[in-house]
Amino acid sequence: MMQMSNKTELVRASLAKRYAREKRFRFWGLASIVLSLAFLAILLSTIFMQGWPAFTQTYMQLDVSLSTEALEVDANAPADKLRAASYDTVVMNALTTRFPGVTERKQKMALKKLVSSSATYDLQKMVMTNPKLIGTQQSLWVMVDDDIDTYFKGNIDRTQPEADRRIKDFQLVWLDDLEAKHEIERRFNLPFFTSGDSREPEQAGILSALMGSFYTMLVTMTLAFPIGVAAAIYLEEFAPKNNPLVDFIEVNINNLAAVPSIVFGLLGLAVFIQFFGVPRSTPLVGGLVLTLITLPTIIIASRAALKSVPPSIRQAAYGMGASRVQTVFHHTLPLAMPGILTGTIIGMAHALGETAPLLMIGMVAFIVDIPQGITDPAAILPVQIYLWSDSPERAFTEKTSAAIIVLLFFLVMMNLLAVLLRKRFERRW
Amino acid sequence: MNTLALTNNTMTFPTSKDPSAANSKDQAVDIQTIVEELKHATQPVGVPFLDDPKFYTRDVDVFYTGAKQAIFGVDLDIGKNEVIAMIGPSGCGKSTFLRCLNRMNDTIDGCKVTGQLLLDGEDIYAKEQDPVLLRARVGMVFQKPNPFPKSIYDNVAYGPRIHGLTTNRSELDDIVEDSLKKAGLFNEVKDRLQAPGTGLSGGQQQRLCIARAIAVSPEVILMDEPTSALDPIATATIEELIDELRQSFTICIVTHSMQQAARISQRTAYFHLGYLVEVNKTNTVFTNPEHRLTENYITGRFG
């Protein structure tokens, strides 16, 4: 009896210790989750706060007089004459009419830089589509220059000494006047989504990078999915087990998944571009390199998915006299599909955010045109972010964050798709 | 049913065990020496051989990876339209032997089968023998019900479809209905043939698996402990079914339950540590076993 109670005491003492340990463990687990969530919240909120203004753009009302004298063409001129007409003069005339009395050369320069150079192109486009406008007065809204836009978004502090400001006092007078007369408006920045990159921040858009990413992903998907799934099926269902060669291949696939991606970039440069002569900075070569990076992920995920199909299903199929290929394609593969698709989409999402290897194969070029196919030079979203983050203009800061928001949007969408597909195809047995 | 009742009545299971420790120690030594004897035996005791058997197997050895031998020189004939039960303790090679009969062991890496296995006088391990064709002739039902995650209809229709047994839909419908009827499941599922097979109860799933197996009209059905995962009512249904199926098929059943073997089989084969010890009419095995090991097993001295 004595021994018994002694033992109970001992167990009780150790229990307290055990519970304390459990409590500590739970605390540390909770703390680490809270910490990581906090960092995530900080990251997302910073990006959103910085990037949000980029989705709007300041426009200014401009009354232009499309006179024949200023344009140096008349309404009946051929198209090439119309294209070469001096729209610059028209814009400048409109500005000097709006702000008379500007005579100093420096101020004249500043006046010209009040509106974005896109105003000229807008005007040109307008006249080209409708030459009858020549000789009329038009009131139109044009984009302001990036510095002015930055000022209206509240990112230039007018209380600072003039020398430290990018907007000088005389400009502030103009801007105050414009604002007072409601000739300034913040609008949704549609050109951000419909135009390519530009040296002028207010005209820079992400469409070329988006299309570049789209074509690159298209190439990656078309190559990596079938090759990866086929490799996984072969390794999992057909390859002899306990074969040294198969084991060697397996180990190497796992190793490839851990190779730094820039190494794949160098490989792409040496093999695809130098040896096979694939055109550089195109979605084609980008997709090829990303295929190499994504393949291990897809193979490993697909093999895990195939492995998790209960062996009883395979046995049932074999027992019915199904051949190996029939067993795989009628039973194992459909059951493994949700896992395979999840792995593929996560691999693709990884590829979408990949930057370093694409720098190696020339996808870092400044691309204004929107790529029309997989052999056109293109930039991709993460490289566009890299390029913009490197630009000195203040307005590119918000563009960078905005591009990150767009990239994150697509990543979240892809992950959502993975979840939905898994839910849709998941079957119980 | 009549015969089943009869076997039941004539069965006796000695329940008393000798409690003396010394005796059980002797027993252990005894088993060891018997295994030594088994190694030198040329054939199992009882009546292992038949005239004009369905399966003719001689000197079957099975090895798994690493030269681990699972079965040692099994000689056994399996008759036409009989239910033969294979009993014995766990890990004694019953299932392994069963899986030799439709070459399911081929799907296990590193498994090697030697010896002579003939189905209707035809070597099933011959090079030109196609395992796919063999499995269409020798169907199988597994321990755990394993319907495909498809509809009830598709489960049963799968075999006829992959083997190209039908040319049109109505023929296939007939086969599905007929197989489900034979498996005693049709009345329960006739209104929901498109419902998933995995949604049925355990016993129904197992009968679906039996329907799936008989849909390709095999000659033999192998059953690997088909009722071990089922409740007594479902077990009884399946046992009745097995007795009916005997009219059209040869059935080899592995079971852990000696009572089940007694209820449903005509012949019983007793396996021990990879050796086939004794084969005889079920009645004889359970009432008058020839071999000491068989006797010890059926009286419950080990198992």
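A:L333 is partly exposed because 19 other C-beta atoms lie within 10 Å. Burial is counted from C-beta atoms placed from the backbone: a residue is buried with 20 or more others within 10 Å of its own, exposed with 12 or fewer, and partly exposed in between. The model is predicted; local features need pLDDT of at least 70, side-chain atom pairs count only at pLDDT 80 or more, and totals for chains, interfaces and linings use all residues. Residues are numbered from 1 along each chain as its sequence is written, while chains are lettered from A and ligands numbered from 1 in the order in which they are written.

A:L333 belongs to helix α15 (residues 324-352) of chain A. Helices (H or I, at least four residues) and strands (E, at least two) are DSSP runs, numbered from the N terminus. Neighbours within four places in sequence aside, A:L333 contacts A:I233 and A:V328. Contact means that the C-beta atoms of two residues, placed from the backbone, lie within 7 Å. A:V309 is 24 residues from A:L333 along the chain, with 8.7 Å between their C-alpha atoms.

Helix α10 (residues 207-238) and helix α13 (residues 283-307) of chain A cross at roughly 35°, their axes coming within 6 Å. Axes are lines fitted to C-alpha atoms, for helices over the stretch in contact; angles run from 0 to 180 degrees between N-to-C directions. The crossing of α10(A) and α13(A) is right-handed, meaning that the near helix is turned clockwise from the far one by less than a right angle (anticlockwise is left-handed). Their contact comprises 19 nonpolar, nine polar and four charged residues. Nonpolar covers Ala, Val, Leu, Ile, Met, Phe, Trp, Tyr, Cys and Pro; charged covers Asp, Glu, Lys and Arg; the others, Gly among them, are polar.

Chain A also holds an open, antiparallel sheet of three strands, ordered β2-β1-β3. Strands pair if DSSP finds at least two bridges between them. β2 (137-143) and β3 (184-188) of chain A are the edge strands. Seven bridges link β1 (residues 56-65) of chain A to β2(A). A:D63 has A:S139 as its bridge partner in β2(A).

In chain B, the buried residues of helix α5 (residues 152-162) include B:I152, B:N155 and B:Y158. Their cover includes α6 (169-182), α7 (186-189) and α8 (202-214) of chain B.

The contact between the chains takes 21 residues from chain B and 19 residues from chain A. On the chain B side, α4 (131-137), β7 (138-141) and α5 each give two or more residues. That side divides into 10 nonpolar, seven polar and four charged residues.
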